[in-house]
Amino acid sequence: MAGPSARTANSRHVVVIGAGIVGASTAWHLARKGHRVTLLDREPPRALTDGASGGNAGLLSIGHYPLTRPGVSMRGLKWMFSRTAPLYIKPRLDRELVSWLWNFHLHCNKRHLDRCMQVLCAMGWQTLEVLEGMLEEESIACDYARDGWLDVVMKLENMAAAEHEARSLEPFGYKWERIDGDELRRRDPCFTRDVAGAIHMKDSAHCAPNDLIAGLLRALPRHGVETRFDAEVRSFRRTRSGAVTAVDLANGESIGADAVVLAAGVWSDALGRLAGVKIPMQGARGYHLQFDYPADNPPPLPSTGMVLHETFVAITPMRREGKQQLRLAGTLEIGPLGQPWMRERLEMLVKGSVSYLEGLDRLKPTSEWAGYRPCTSDGMPAIGGVRSAPGLYVATGHAMMGMTLGPVTGKAMAEIVSGEKPCFDVAMLDPSRFG
Ligand SMILES: Cc1cc2nc3c(=O)[nH]c(=O)nc-3n(C[C@H](O)[C@H](O)[C@H](O)COP(=O)(O)OP(=O)(O)OC[C@H]3O[C@@H](n4cnc5c(N)ncnc54)[C@H](O)[C@@H]3O)c2cc1C
């Protein structure tokens, strides 16, 4: 375990807003470069591990496609009025939503997808090494395993489509294997006889995300990071030329900074606008249900993380606090932030999984959760400095890939703030691209 890194002549005071996986990783890498870092989050520490970066499915799936894929916008429109569709857009007359949807639709094409994948794969291929370095250095136990994930297919006629999707990732170097039903059950007896088979995407990993984020937040003070919770940023102080020099908190305090990194997840858009940067974002809410495995006569436990091909439910085994648990996560629900939960969408998680897994109907959920994926209208994160507001940097918009790509984003942000070349090309991710 390392102590605080030595400050250098180039050390700066950097304020990072948001202690999710993106902000916490950024703070860690900045501190390791010798900067003085203050990490602010409006939530208390306990609630933080229950945020999006704790409650997600924990699949660190490199090579994941962005949301903007050909056909997705049209499918979304078709599903718009069904409260139990995998992607549900709450119908409402809202200029921001209409403009976001239109821009999203314009980006659902093959050319854009190919460009996205170049960048996402460059990030993906580095992020697990970056994360593994952080876990090892900080001795963070979060049930991390680099064992890939399974695309589990119920209907035989869907195997070809699943195989086609896996094959489309081959040019990016990803390895996969087709496993037919009987062989799948031989390797992993948790699957029912109805399951036709699976595609094993071999290069990914899974973890217990609550424990990862909790471990990372615990590690930060050891590197000299000042972590401040219950600290809500309300506005920015700017010079006449627009440079950001301080943030103002809800309690009236002002914290001066040489640089400010905005990593506030889905709330980054509203905050960014206060400093003149627009990152059109919709919060795509998802849910999880967590189950404890009984000590007596437990059903067979899946050996790795998976996504159910027909129902889009992600299922991840997790060992937490000495207990074996299973997390069912998923559904995409685009609507205003802070609305009451749609219970039928929570129920979809179980309904969409029971026919795939043996004995799931015998388990009782021990907790339920909802959180927001920060989704930009072009499906890509916003990472980099803001031209119109010198001193302000943005790292957000990772949608369904934030847990996976957060660690490498943190590394790149620390490089950018330090004036170094980032470890992947961020040209396409310019936060000012939305105008
Ligand atoms: C159901 C579900 C399943 C998912 N599964 C996966 C998965 O398997 N793999 C994967 O890679 N990703 C997954 N994701 C996506 C992933 O969880 C997110 O992309 C990621 O957590 C976003 O991290 P973040 O740090 O950008 O934002 P957050 O984790 O949302 O953190 C932002 C922080 O900013 C703070 N904040 C906001 N406003 C202010 C303010 N004014 N002042 C101070 N602090 C503020 C908030 O309190 C919050 O703690 C999933 C998401 C969901 C919902």
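1. At what angle do H1 and helix H9 (residues 209-219) pack, and how many Å apart are their axes? The angle is about 35 degrees and the axes are 10 Å apart. Axes are lines fitted to C-alpha atoms, for helices over the stretch in contact, and angles run from 0 to 180 degrees between N-to-C directions. Helices (H or I, at least four residues) and strands (E, at least two) are DSSP runs, numbered from the N terminus.

2. This is a predicted model, in which local features need pLDDT of at least 70 and side-chain atom pairs count only at pLDDT 80 or more, while totals for chains, interfaces and linings use all residues. Residues are numbered from 1 along each chain as its sequence is written.

3. The crossing of H1 and H9 is left-handed, a term used if the near helix is turned anticlockwise from the far one by less than a right angle, with right-handed used if clockwise. Ile21, Ala24 and Trp28 of H1 meet Ile213, Leu216, Leu217 and Ala219 of H9; contact requires C-beta atoms, placed from the backbone, to lie within 7 Å. This contact has seven nonpolar, no polar and no charged residues. Here Ala, Val, Leu, Ile, Met, Phe, Trp, Tyr, Cys and Pro count as nonpolar, Asp, Glu, Lys and Arg as charged, and the others, Gly among them, as polar.

4. H1 also packs against H12, at an angle of about 40 degrees and with the axes 7 Å apart. H1 is therefore oblique to H12; angles under 35 degrees count as roughly parallel, over 145 as roughly antiparallel, 65 to 115 as roughly perpendicular and the rest as oblique. The crossing of H1 and H12 is right-handed. The residues of this contact divide into nine nonpolar, seven polar and one charged.

5. An open sheet of six strands has the order E9-E2-E1-E13-E20-E19, with mixed pairing; two strands pair if DSSP finds at least two bridges between them. Its edge strands, E9 (226-228) and E19 (382-385), each pair on one side only. Strand E1 (residues 13-17) runs parallel to strand E13 (residues 259-262), joined to E13 by four bridges. H1 lies across E1, E2, E13 and E20, running at about 165 degrees to E2.

6. The ligand is surrounded by 43 residues, the closest being Gly18, Gly20, Gly265, Gly286 and Gly402; a residue is near a molecule or strand if its C-beta atom, placed from the backbone, lies within 6 Å of it. H12 contributes the largest share of this shell, four residues. By class, the shell has 21 nonpolar, 17 polar and five charged residues.

Notes. Two residues are in contact if their C-beta atoms, placed from the backbone, lie within 7 Å.
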